[in-house]
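Dear colleague,

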Amino acid sequence: MNCDSGDLPLPHAPHLISAKKMSQPPEKHERTHNLGIGKAIAVLTSGGDAQGMNAAVRAVVRVGIFTGAKVYFVHEGYQGLVDGGDNIQEATWERVSMMLQLGGTVIGSARCQDFRMREGRLKAARNLVKRGITNLCVIGGDGSLTGADTFRAEWSSLLVELVKTGGVTAEEAKNSSHLNIVGMVGSIDNDFCGTDMTIGTDSALHRIMEIVDAITTTAQSHQRTFVLEVMGRHCGYLALITALACGADWVFIPESPPEDDWEEHLCRRLIETRGRGSRLNIIIVAEGAITKQGQPITSENIKNLVVKRLGYDTRVTILGHVQRGGTPSAFDRILGSRMGVEAVMALLEGTPDTPACVVSLSGNQAVRLPLMECVQVTKDVTTAMNEGRFDDAVKLRGRSFQNNWNVYKLLAHVRPPSTKSGYNLAVMNVGAPASGMNAAVRAAVRIGLIHGHKMLAVHDGFDGLAHGQVEEIGWGGVGGWTGLGGSKLGTKRTLPKKYLEEISATISSFNIQGLIVIGGFEAFTGSLELVEGRGKYEELCIPVCVIPATVSNNVPGSDFSIGADTALNTITTTCDRIKQSSAGTKRRVFIIETMGGYCGYLATMAGLASGADAAYIFEDPFTIRDLQVNVEHLCEKMKTTVKRGLVLRNEKCNENYTTDFIFNLYSEEGKGIFESRKNVLGHMQQGGTPTPFDRNFGTKMGAKSVAWLTGKIKEYSRHGRIFANTADSACLLGMRRRSLVFQPLAELEEQTDFEHRLPKQQWWLKLRPILKILAKYKADLDTSEKAHLEHITHKVVPAEANI
């Protein structure tokens, strides 16, 4: 298995951490629902708001109540903690209903000067002690979390002073002898070291890309240049990912200022883009962009430069606070929910000796890290920039940030060489369309041209390969593809087994020496058939790289597939609208059928993101008794203030309990209590413009596949001919936790349930108890493989080579 341990799971993941285990993970909580009895938790949001904070608040409240603890809202952040009174209110299960899809923070946030002073913290301590609250969950940026750590460090002395002045009794102080603190990072900038993603970043990217897509159409109409300024005073993450996702001509980020002659380079770049037939230019600027001398580079400076030197019609758009607003993305809702669950577990397991921790995302796992160690690494980045150590700043941001930066520079600034490699690489789409496929093709084609290869586009999958539907594709041929949904090359589900002779002839005719297959389960099985055919057809002995791209996310060897995030957001948005409808009519339950074949990924994750009452999937078998329990549960729910229900069903979860059967059962059993409605979402899940995640993921996968193929072609080249027939010459490029990994198809064969077109192991199944608990079912929360406290160690790793 060829593994690059530096690539983080979400192409969004910027931060470098290497974790050393400090303790063994806690045992599974057999009785999680008794863990919080006699305890009280307060939750507050502080600093700048971020989409997804409400999901975290909702999870803290519901999981806290589930464990038997009392949970309190603190309104208006630390100011509410200082002022007390009605700002601190006990939360109920129903009060956090319908919060999931709201942006901002419904419990309010405020900058608080009072809490910076000991006198303010004294008042805050009294307000907590009087209510018996000894567990505090803070959702905010590094400043808010640092304040929480200071509060905890002073807690004992604050209690002594309060007892002395009569603020609290000795008995009250004894009952609140120590304060547990857990932080979650809510920041759209993704500027906190120690977590792959902060709450709100993905949603901010959604807002930015919506605007970029809209601006692109008007810019093309008038042949304009647009300068877009995005947030990021000290962190260029939003600007960098936006540039990668939209194929911008230039990006300015604070971590890596341009060279001193950047004005000439920029103008030359814009002229070259227009020379290739493009009708527009896009320049992305982070608000904190600077020169190497520390002077600010503003969007107005750039506009004046372009107008003066090139005479292009140039416009500036400053996005501002629109990036903070709007509905949270599916990713941020799931991230907030997972972090909220883990925060409650961390608080209830905490002891006086447990340091204040922050709940972070590491790959697919929630981990707990010492809060102040993370804050220190975050500050080190800013210090490096202030001291002009920009290379160090980029390294401190982490391996994935470096790789994103390197891929962007290759695609935007490196010109195809005049001398050619002599190699021909073909790229094709197989199976059903998935948003993000086009971004992967674009990156593969352009990186291939940069390597000096001749790039060939195969239309209509294996069918097209068999019938010679192959043509050369150039740099301009894939222009503007990142933001397009579907498959520009055309795709079919046809498998190659019947056409191996014709495919061999096409490979020979076009002298194809390497093949990139982008698609779903058919791409995987079809490529296996090509490998099996090598014994009979020598032409098939070429390196093959499969890139998983399917809304179903059912390809073995990868935690994520290109297109699944876009489909998940489509389902989540539809569920939001349906919930809104049912909230208006009341006493209505919607049964929604999702795609996915036998794979329950979309149904489960959409259930988490939309706050569903149940999600029926093939991997988690259910009986008529389970259906009965769900109906009874919804009947009880209708007696509360939340008089609506949402049930998701994966299309092939059970051949007998069909969507119609479940709809009829709910309709009959719910008579007089609730009405039922059903929706089959169908192929709308395969459409739409790709999300920022899918654009970025596709771009990185496409770039990495060409680098791998180039190496394999050289490895298997003998006297001008390619002969690759070993297992590791046909691989699938997949995301495994924190790494992008090349795995031989033959190895993955053993990990696959071919009858049901599924991997035998699926990471997301461990999230299903969270879905059940948040819907008010009794379930055991397994934390055995989850977060235990880890220490951050600094480790400088060279950026990925040879992309």
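**Salt bridges and a charged patch**

E154 is buried, with a relative accessible area of 17%, where buried stands for under 20%, exposed for over 50% and partly exposed for what lies in between (1.4 Å probe, protein chains only). Please keep in mind that this is a predicted model, in which local features need pLDDT of at least 70 and side-chain atom pairs count only at pLDDT 80 or more, while totals for chains, interfaces and linings use all residues. Residues are numbered from 1 along each chain as its sequence is written, and side-chain values use heavy atoms, with hydrogens and water left out.

The partner of E154 is R118, and the two form a salt bridge whose closest N and O atoms are 3.7 Å apart; the term requires a side-chain nitrogen of Lys or Arg within 4 Å of a carboxyl oxygen of Asp or Glu. This pair links distant parts of the chain, since R118 lies in helix α3 (residues 118-130) and E154 in helix α4 (residues 142-165), 36 residues apart. Helices (H or I, at least four residues) and strands (E, at least two) are DSSP runs, numbered from the N terminus.

R118 also forms a salt bridge with E161, and here the closest N and O atoms are 3.0 Å apart. R118 is partly exposed at a relative accessible area of 31%, and E161 is partly exposed at 28%.

Another salt bridge brings together the side chains of R588 and E675, at 2.9 Å from N to O, and it connects strand β19 (residues 588-594), which holds R588, with strand β22 (residues 675-680), which holds E675, 87 residues apart. R588 is buried, at 15% relative accessible area, whereas E675, at 41%, counts as partly exposed. Elsewhere, salt bridges that share partners join R118, R121, E154 and E161 into one network. The whole structure has 32 salt bridges.

Finally, E532, E747, E749 and E750 gather in a patch of negative charge on the surface, a patch being made of residues with over 30% relative accessible area and no salt bridge, with like charges joined within 9 Å and nonpolar side chains within 5 Å. Of these, E532 sits in helix α17 (residues 521-532).

Terms used. Areas by Shrake-Rupley, 256 points an atom, 1.4 Å probe, with all protein chains shown as cover. Lys, Arg positive; Asp, Glu negative; His and termini not counted. Charge placed at Lys NZ, Arg CZ, Asp CG, Glu CD.
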